[in-house]
Amino acid sequence: MSLRILQSGPLTTLQDFGRFGYLHQGISVGGPLDEQAFLWANRLLNNHFNAAQLEITLGGFRAEFTAATAWVVTGAELPMSLNGQPVPAQQVQLAAAGDVLTVAPGGVGLRAYLAVAGGLLATPLYGSVATVVRDGLGGLQQQGQAVQSGDQIAYATVPGYRTLLGRRPGRSVAPQLPTAATGARDKPVILEVIASGQYAQFEPEQQQLFTDQLYQVTPAQDRMGVRLAAAEPLQWPHAQIISEPLPVGAVQIPPNGQPIVMLKDRQTLGGYPKLATLTWRAQNTLAQLPAATEIQFRWVSATAAARHLQQVYQFFQVQR
Amino acid sequence: MTARLSDSQQPLAQVEIAAADALLVRFANRIDRKINAQVLALRDVLQQRQQSGQWPWLLELAPAYHSLLVHLDIRHILPDAAQHQIQQLLAQPELVLQLQAAMPASKPDTIHQIDVCYHPKLAADLQVIASAANLSVAEVIALHTQPTYHVYALGFAPQFAYLGDVPEPLRLPRLATPRQQVPAGSVAIANQQTAIYPRTSPGGWQLIGRAVSWPQLQAGDQVRFRSISLSHYQQAAAAIHSASARE
């Protein structure tokens, strides 16, 4: 019983919650870039929070369920159909053996998460199946390959899966992005950040500039990081820093002054100065923003960000 | 009253909040194996507190040159409380003495000897390095094989170990344009650091030699390189190749 991949799309990867405990060996955590969407998908299906799913980037994806199961797609609102009939995202559906799911390009957001009841099954490496292409770790063959057309990804049929039909989150987990339809196109997307790293060593005007100005998300983005572009480059007034551990969500300021936000496939050490770290919510939001989206940073306290994360992990029963 | 550091004394390390669920402990701002030994000694102290259950909120510890990332189990503690606890720990004179006395690892089982072939066929930048340093290739080899290197940290890629310190004459910058593909086993230099690329990957360091095999290194380990001939390298590489073909 498996998901037979008919068309993999530009980038579809197998992800569980991440590969934890190996930073000291230089191994990146990987895992879903939009954790909120991922955790909702597993919760709706009564899966363990760490159950493996597919992260489908930009659609272009088609797969056949070879056995009956319940499934859900969360995250980006990409046009979806089952055997050619449109089906809604963010809501548990049933599939019979032979049903074909299509996740098309377009829609809102970049990354959709496909989960099946019981989770997708693959052999873990360093305790995880999370695919980190640049590390050559995880995925179906444990060597970091993205999902390919023709792959078969196993799942088990979970007893009682039919009762999951129709479950959806209490509130929308779909990315709220500025679109013509919502009329919010003129407003930047706010990303909350905690002051961190070399923040105190930047000049006060630069600290001010960091949150005053707007940035555009650029096409230079992948699972490692997102480059931003602003009218005024941020100036680091000192010499190079000694490489130090790089948290997920860190905002690095390279010599050209245009920030790079580090995501889950980042290298574990970095030598550029850092000004801030994105909160959990901001990381999820950024994971869904297409190029040219305008963003603005807003400070929050580390305690407020941590309290929110505490609630999130309690709600989704996340245990690292 | 517990003993306190005198006001004139700077704390050995600063504890900063790095993320909602992480702290960064930063020691003196230089690349120095003595400082790195302090980082690893604090890592060991925290690991004990984690394993004994005293600080169950410690989740993961990742050391680098002069800093230590501490991931917190956010279900059990908030970052400011964890920051405070580690600051308190670092204010204990006994701990300060313990960290100051930390020596770079000298246990025999953490000294690794690694065979390296320094030959232009296997090391694209060897000749360039020699002319940039105004040395013969033989002198470059003699210099690179001279030190006992210290593993400061692992990062950049899985099992990529940053070794130091490269002798002064060989401290050359990274390439202006990184290579798309550096072969696995390449031994490379960048400023005071040297490393073995554990797998074929992009890379910007200058390639000085090639290792056939190498152990999995840990921060704090010691490494010595031994120069081997091209024929020796080829024999060893062939032996490994046929062994893996039989698997």
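How many of the 247 residues of chain B count as buried? The share is 52%, where buried means under 20% relative accessible area, exposed means over 50%, and partly exposed lies in between, with a 1.4 Å probe and the protein chains only.

## Basis of the model

This is a predicted model, in which local features need pLDDT of at least 70 and side-chain atom pairs count only at pLDDT 80 or more, whereas totals for chains, interfaces and linings use all residues. Residues are numbered from 1 along each chain as its sequence is written, chains are lettered from A and ligands numbered from 1 in the order in which they are written, and side-chain values use heavy atoms, with hydrogens and water left out.

## Chain A overall

Chain A has four helices and 21 strands, these being DSSP runs numbered from the N terminus, with helices of type H or I and at least four residues and strands of type E and at least two. The radius of gyration of chain A is 20 Å, close to the 20 Å that the globule rule gives for 320 residues, so chain A is as compact as a globular protein of that length; the radius is taken over C-alpha atoms, and the rule is 2.2 Å times the number of residues to the power 0.38. The C-alpha trace of chain A spans about 60 × 45 × 35 Å along its principal axes.

Of the 320 residues of chain A, 57% count as buried, and among its contacts between residues at least 6 apart in sequence, 75% join residues at least 24 apart, a contact meaning heavy atoms within 4.5 Å. The accessible surface of chain A comes to about 12,300 Å², with 51% belonging to carbon and sulfur atoms; such areas come from the Shrake-Rupley method with a 1.4 Å probe, and for residues only the protein chains shown count as cover. Chain A carries 21 positive and 19 negative charges, whose mean positions are 8 Å apart. In this count Lys and Arg are positive and Asp and Glu negative, while His and the chain ends are not counted, and each charge is placed at NZ of Lys, CZ of Arg, CG of Asp or CD of Glu.

## Strand pairing in chain A

Strands of a sheet pair through backbone hydrogen bonds, either parallel or antiparallel. Here two strands pair if DSSP finds at least two bridges between them. Seven strands of chain A form an open sheet in the order β7-β6-β9-β4-β1-β12-β11, with antiparallel pairing, and its edge strands, each pairing on one side only, are β7 (85–86) and β11 (120–121). Within chain A, strand β1 (residues 2–7) runs antiparallel to strand β4 (residues 61–65), and four bridges join them; Q7(A) stands opposite R62(A) in β4(A).

Strand β21 (residues 294–299) of chain A pairs in the parallel sense with strand β13 (residues 189–195) of chain A over five bridges, and R298(A) in β21(A) is the bridge partner of E192(A). With strand β14 (residues 215–221) of chain A, β21(A) pairs in the antiparallel sense over two bridges, Y215(A) standing opposite I295(A) in β21(A).

## Helix α2 of chain A

In helix α2 (residues 204–212) of chain A, the residues Q206(A), Q207(A), L209(A), F210(A) and T211(A) are buried. These buried residues pack against β13, β14, β17 (250–252), β20 (274–278) and β21 of chain A.

## Chain B overall

Chain B has six helices and 13 strands, and its C-alpha atoms fill a box of roughly 65 × 45 × 35 Å along the principal axes. Among contacts in chain B between residues at least 6 apart in sequence, 63% join residues at least 24 apart. The accessible surface of chain B comes to about 11,300 Å², of which 50% belongs to carbon and sulfur atoms, and the centres of its 18 positive and 17 negative side chains lie 6 Å apart.

S186(B) is placed in strand β9 of chain B and is buried, with a relative accessible area of 0%. Leaving aside neighbours within four places in sequence, S186(B) is in contact with A195(B), I196(B), Y197(B), L207(B), G209(B) and R210(B). P183(B) is found in the loop between β8 (179–182) and β9 (186–190) of chain B and, at 29% relative accessibility, counts as partly exposed. With the neighbours within four places again left aside, P183(B) is in contact with Y197(B), T200(B), L207(B) and R210(B).

S201(B) lies in strand β11 (residues 201–203) of chain B and counts as buried at 12% relative accessibility. Apart from neighbours within four places in sequence, S201(B) is in contact with Q180(B), Q181(B) and V182(B).
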